[in-house]
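This report looks at one pair of helices and one group of strands. Please keep the sequence and the structure in view while reading.

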Amino acid sequence: MYSDALKTGRKIFAVAPMIDWTDRHCRYLHRQISRHALLYTEMVVVDAIIHGPRDRLLGHDIAEHPVALQLGGSDPVKLAEAVRIAEAYHYDEINLNVGCPSDRVQSGTFGACLMLTPETVASCIAAMKAISKAPVTVKCRIGVDEQEPEEALPELMTRVLDAGADAIWIHARKAWLKGLSPKENREIPPLDYDIVYRMKSRWPDVFIGINGGIQTLDQAEAHLAHVDGVMLGRAAYQNAAILADVDHRFFGEPAVEADWNGLRDRMMDYVERHIENGGRLQHVARHMVGLFTGLPGSRRYRQILSTDANKPGAGPDVIAAAFAAVDFAGERERVSA
């Protein structure tokens, strides 16, 4: 994937891994809107994979591909075992989280705190590479706490690349392990896109992607003049309709009008299957609430999904009712704006 992208100059657009958000239902929805965007799982802790319900944690619909598995851990042996288990699920990439600043991640000594021990990250990558048939990548911050990013980021990159990492995705902010909440860590530390650009200049033959604070496809396109990949998180989740233009703008597909009626029907079919397997409508509908932000009727759409989807016995007809509330006239101009 990444070597081919470098050889051909093809850029990669990705939807970021987000805890509690990018589960299998979210990814299925996003895949119905964009055929080519690279999707990521939530971070999955290696101990959970080794000891927990593997199918629930790792299972996914074949339609989700290309899809990457993000792992949380700091023990090379455990990470290798988790990768071995995940091989049966045929992910297109295995990614190591070196950027999450939450308390529960810090208590497990992984995530962003691994920026402080780049030698550990390198050992983890080497162990994962020894097992994985898929590319092994890193998603990191530019530094943590009092680290100087101009020193910390190149040191981490040098070590993980020497260990065999196939690509590096960089969230262009520091993380503060003490004093800021995970939400504040996504907003308060200043963005420094230029340092990511400088890393690409220093390693022109390495795939480097950028993440952090990117809100629009225009902004994403501007970043791709400097780096190889761009990753949107909350902007893509909270207004997933933005993904309707991704295949045209970043993957060379013909420009076409979004088929929202087709999306409605596919999601209704998916929900029906999910309910037949013991699931609930709300498991899926919660990811669809922000789909049409800004369109006439979107408030009523949100009300229907947020309220009716939680009622006992709620089924696919709730999705049909929600879509019927939206006025799609002029939608393409809104998405492209």
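## How two helices cross

The model is predicted. Helices α7 and α8 cross in a right-handed way. Helix α7 covers residues 118–129 and helix α8 covers residues 149–162. The two pack at an angle of about 25°, and their axes lie 8 Å apart. Angles under 35 degrees count as roughly parallel, so α7 is roughly parallel to α8.

## Residues between the helices

Which residues of α7 meet α8? They are Pro118, Glu119, Val121, Ala122 and Ile125.

## Strand β8 and its neighbours

Strand β8 spans residues 229–232. It pairs with strand β1, which is made of residues 12–15. Four bridges join β1 and β8, and these strands run parallel. Within this pairing, Ile12 has Gly229 of β8 as its bridge partner.

Strand β7, residues 207–211, is also joined to β8. Here there are three bridges, and the strands again run parallel. Asn211 stands opposite Met231 of β8.

## The two faces of β8

Are the residues on the faces of β8 buried or exposed? Gly229 and Met231, on one side, are buried.

Definitions and conventions. Residues are numbered from 1 along each chain as its sequence is written. This is a predicted model: local features need pLDDT of at least 70, side-chain atom pairs count only at pLDDT 80 or more; totals for chains, interfaces and linings use all residues. Side-chain values use heavy atoms; hydrogens and water are left out. Axes are lines fitted to C-alpha atoms, for helices over the stretch in contact, and angles run from 0 to 180 degrees between N-to-C directions. Angles under 35 degrees count as roughly parallel, over 145 as roughly antiparallel, 65 to 115 as roughly perpendicular and the rest as oblique. A crossing is left-handed if the near helix is turned anticlockwise from the far one by less than a right angle, and right-handed if clockwise. Contact means heavy atoms within 4.5 Å. Buried means under 20% relative accessible area, exposed over 50%, partly exposed in between (1.4 Å probe, protein chains only). Two strands pair if DSSP finds at least two bridges between them.
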